Amino acid sequence: MSKHCQVTGSRAGVGNSVSHSHRKTRRRFNVNLQRKSYWVPSLGRRITLDVSARGIRTIDRRGIDAVVAELIRRNEIKV
């Protein structure tokens with residue numbers, strides 16, 4: 001399974017490393033993934049998510065219950 005954020009869906013991007021002499025080689029821009037555990041009151045248990053830094057901010061802004069409800073609807077996590 002490829003690395004991706006379960007909340008935002010962001011994946012690794014590709015681009016070029018450019019040296020001082022301006023030679024280009026392909027590289028990956030990996031996502032800043034964190035494995036975080038959250039207590040979900042509506043489910044009455046903890047869930048562990050692989051989320052990016054932006055995904056953590058999204059959970060802080062919208063609330064864990066709203067985000068988990070969307071993840072269940074998208075079949076991203078099992079209940």
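1. Thr58 lies in helix α1, a helix here being a DSSP run of H or I with at least four residues, a strand a run of E with at least two, both numbered from the N terminus. The model is a predicted one, in which local features need pLDDT of at least 70 and side-chain atom pairs count only at pLDDT 80 or more, while totals for chains, interfaces and linings use all residues. Residues are numbered from 1 along each chain as its sequence is written, and side-chain values use heavy atoms, with hydrogens and water left out.

2. Thr58 counts as buried because its relative accessibility is 10%, where buried means under 20% relative accessible area, exposed over 50% and partly exposed in between, with a 1.4 Å probe and protein chains only. Once neighbours within four places in sequence are set aside, Thr58 is in contact with Val7, Thr8, Gly63 and Val67, a contact being heavy atoms within 4.5 Å.

3. Thr58 also takes part in the meeting of the two helices, in which Thr58, Ile59 and Arg62 of α1 touch Ile64, Ala66, Val67 and Glu70 of α2. The residues of this contact divide into 4 nonpolar, 1 polar and 2 charged, with Ala, Val, Leu, Ile, Met, Phe, Trp, Tyr, Cys and Pro taken as nonpolar, Asp, Glu, Lys and Arg as charged, and the others, Gly among them, as polar. The axes of α1 (residues 53-62) and α2 (residues 64-73) come within 6 Å and cross at roughly 115 degrees; these axes are lines fitted to C-alpha atoms over the stretch in contact, with angles from 0 to 180 degrees between N-to-C directions.

4. Arg74 counts as partly exposed because its relative accessibility is 35%, and, neighbours within four places in sequence aside, Arg74 is in contact with Gln6 and Val7. Asn75 is exposed, since its relative accessible area is 58%, and Asn75 has a positive phi of about 60 degrees although it is not a glycine.

5. Strand β3 (residues 33-40) pairs with β4 in the antiparallel sense over 8 bridges, pairing being assigned where DSSP finds at least two bridges between two strands. Tyr38 stands opposite Ile47 of β4, and the bridge partner of Val40 in β4 is Arg45. The hairpin of β3 and β4 has 4 residues between the strands, and within this hairpin Gly44 takes a positive phi near 75 degrees.

6. Leaving out neighbours within four places in sequence, the contacts of Val40 are Arg45, Ile47, Ile64, Asp65 and Val68. Val40 and Asp50 are 10 residues apart in sequence, and their C-alpha atoms are 15 Å apart in space.

7. Ser52 lies in strand β4 (residues 45-52) and is buried, because its relative accessible area is 5%. Not counting residues up to four places away in sequence, Ser52 touches Cys5, Thr8, Ser10, Val31, Asn32 and Leu33.

8. Strands β1 and β2 run antiparallel and are joined by 6 bridges, and the bridge partner of Gly15 in β2 is Arg27. Their hairpin has 5 residues between the strands. His22 lies in the loop between β1 (13-18) and β2 (24-29), and its phi is near 75 degrees, a positive value in a residue other than glycine. His22 counts as exposed because its relative accessibility is 54%.
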